[in-house]
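The following exercises concern a single structure. Please work through each task before reading its solution.

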Amino acid sequence: MERMEEMTTPLGWAILGTGKIARIMAQALSESETGRLVSVASRSAERAAALAEEFEAPHSGGDYGAGIDAPGVDLVYVATNHPAHREWAVRAAEAGKHVLCEKPLAMAYGEGEDIVAAAARAGVFLLEAYAYRSHPQTETFRRALSEGAVGEIRVVDATFGYDAGPNPTNYLLKPELGGGSILDVGCYTTSMAHLVAEAAGGSAGIEPEEVVGLARMHHTVAVDASATAELRFAGGPIARIASSIEVNLDNTVRVIGSEGRVTLTSPWLPGLIGATSEIVIERCGSDPDVIDIPVERNPYTVEVDAIGGLIRSGATSSPNMTPPQSLANQRTLDRWRSAVGMAGPQEAGK
């Protein structure tokens, strides 16, 4: 009976941070079947209290450590700015809490290694927060590619960009907070390129042999406002990726193979960014085959419940984004940022 109650009792979540994504996840938790918000922590006790009150969390405060240690916390969602991910993800794991860490996992590969190692030592669940990876659309897309829907996979095009505006207080315009487009949304495009390379026959955690990057720097601060890269995977596809925080890009993914192409019209947050959620398969000489993906729930809620199910099953990672895959993606981000002059000496990967 006790074990049955454990399997059905919602996991208690702590959220560290009170920015836009923290509020989005608080809303997702309120709609989930497996999680409940029990703690909110922020550098501002007032902001933490406001978010906790809105979503009926019993604990809040202006100290991240206290937020992790609050009664009833099973999982810590690290929604701080990028440079604080390592400190608080490691601290949560050392406290025996499961960890969902906002993307990118860390500022650099070495920091990501520290997070993965801490979770492994503690035997806790760890996932980097790419909601699209937990969505049924991505599994359908992955399966179609691996089953040869368009033959041999040769080229990947992936874009993610939007106009974040000129507000100088926005963390995206602060180099010391990991600002710029590559770490904000370019990480999605690199992770998709890795996913497609694996579907083309590469091993989990595959990395490109070559990374070539260009960037348009912001006109007032030292961050990349828009960036592009080309990746070449050994024996697999090349990828052309782009990110921006100054203009709206197509925000699509297209995979071109020897027998046709596959397009995701809303790849990153299916049905939320984009009016539809569909996979369009165009085989040479045939009419397009459109696979509609039902969008019944917020993709973040889908992610929350996928995590809850995995933790209840005893898993310490998700097959949708394993720690080795996160580390491989982190190294590609390091190489892209280095190519455009963004990675500082303190971020040198191991």
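The model is predicted: local features need pLDDT of at least 70, side-chain atom pairs count only at pLDDT 80 or more, and totals for chains, interfaces and linings use all residues. Residues are numbered from 1 along each chain as its sequence is written, and side-chain values use heavy atoms, without hydrogens and water.

**Exercise 1.** State what covers the buried residues of helix H3.

Solution. Helices (H or I, at least four residues) and strands (E, at least two) are DSSP runs, numbered from the N terminus. The cover includes helix H2 (20-30), strand S2 (35-41) and strand S3 (59-61).

**Exercise 2.** Determine which residues of H3 are buried, and on which side of H3 they lie.

Solution. Buried means under 20% relative accessible area, exposed over 50%, and partly exposed in between (1.4 Å probe, protein chains only). In H3 (residues 45-54), Ala48, Leu51 and Ala52 are buried. Because they span an arc of only 100 degrees around the axis (taken from the directions from the helix axis to the C-beta atoms), they lie on the same side of H3. Glu46 and Glu53, on the other side, are exposed.

**Exercise 3.** Locate Ser318 and identify the residues that it touches.

Solution. Ser318 lies in the loop between helix H9 (299-312) and helix H10 (323-339). Its relative accessible area is 1%, so Ser318 is buried. Contact means heavy atoms within 4.5 Å. Leaving aside residues up to four places away in sequence, Ser318 touches Phe125, Leu127 and Leu310.
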